[in-house]
Amino acid sequence: MPHIPPLNALALTLLVLAPGAALACDALVGSYALAAGGVAVINIVKTPTGYALSTREGGRVDGPWKLAEPSMRAGTSAQLNAGGVGVEMDANSCGLSAPDGLFLKVKPGAKYQDNSRTGQNRIETRGNETGYMIYLAQGIVVAGVDLFPVPFTGQAARQ
């Protein structure tokens, strides 16, 4: 199994500082549920300046769409690995920056580090199910959340 370095602050700032024009992560454009067979609660679209994130207000599946992040920047797997993101990536992986973490396109089954279920001092290696995920960092707690591609429903938030 490949070594997966832990997430650090540099990884998150790396994407914020990277020039977005030359990078692309179109594989993440789409709508996602947080469970298999669920309703879309996350929507990522491409904009002239990068990517934008909309979420269902309050996280409710019937809530209105709200623009959550109007300017997400893309990063390649090489940039993310250089920044120390604790997720197994290959040459086709990419990520989009968000305020508290990264939206990632990885190969299904990709391993990542997570200590949200075990406590802050014990990191375990988990596997991504779908190839789409959010990798969150809150202080010293890191967590991966599978995303499930689904059709978009409702009225889109204004970009």
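This is a predicted model: local features need pLDDT of at least 70, side-chain atom pairs count only at pLDDT 80 or more; totals for chains, interfaces and linings use all residues.
View 1. Zooming out to the strands themselves, β1 (30-33) pairs with β2 (residues 42-47) over three bridges, in the antiparallel sense. β1 also runs antiparallel to β12 (residues 148-150), again with three bridges joining the two.

**View 2. Five strands make an open, antiparallel sheet.** Read across the sheet, the order is β5-β6-β7-β10-β11. β5 (74-76) and β11 (141-146) sit at the edges, each pairing on one side only. Ignoring direction, neighbouring strands here are turned by 25° against each other on average. For a look inside the sheet, take β7 (residues 101-105) and β10 (residues 132-138): five bridges hold this antiparallel pairing. Leucine 102 stands opposite tyrosine 135 of β10.

**View 3. One disulfide turns up in a search of the whole structure.** Cysteine 25 and cysteine 94 are the partners, with an S to S distance of 1.9 Å. The bond ties together distant parts of the chain, 69 residues apart: cysteine 25 lies in the loop between α1 (9-17) and β1, while cysteine 94 belongs to β6 (residues 94-98). The S-S torsion comes out at about 70°, so this disulfide is right-handed. Are its two cysteines buried or exposed? Cysteine 25 is buried, at 1% relative accessible area, and cysteine 94 counts as buried too, at 6%.

**View 4. Tyrosine 112 and tyrosine 135 form an edge-to-face pair.** The structure holds three aromatic pairs, and this is one of them. The ring centres are 6.2 Å apart and the planes meet at 80°; planes over 60 degrees apart count as edge-to-face, so the pair gets that label. Tyrosine 112 sits in β8 (residues 111-114) and tyrosine 135 in β10, so to speak distant parts of the chain, 23 residues apart. Tyrosine 112 is buried, with a relative accessible area of 3%. Tyrosine 135 is buried as well, at 0% relative accessibility.

**View 5. A lysine charge sits over a tyrosine ring.**

Conventions
Residues are numbered from 1 along each chain as its sequence is written. Side-chain values use heavy atoms; hydrogens and water are left out. Two strands pair if DSSP finds at least two bridges between them. Helices (H or I, at least four residues) and strands (E, at least two) are DSSP runs, numbered from the N terminus. Axes are lines fitted to C-alpha atoms, for helices over the stretch in contact, and angles run from 0 to 180 degrees between N-to-C directions. A disulfide is a pair of cysteine sulfur atoms within 2.5 Å. Buried means under 20% relative accessible area, exposed over 50%, partly exposed in between (1.4 Å probe, protein chains only). Rings of Phe, Tyr and Trp (its six-membered ring) pair if their centres lie within 6.5 Å; planes under 30 degrees apart count as stacked, over 60 as edge-to-face and the rest as tilted. A charge sits over a ring if NZ of Lys or CZ of Arg is within 6 Å of the ring centre and within 35 degrees of the ring normal.
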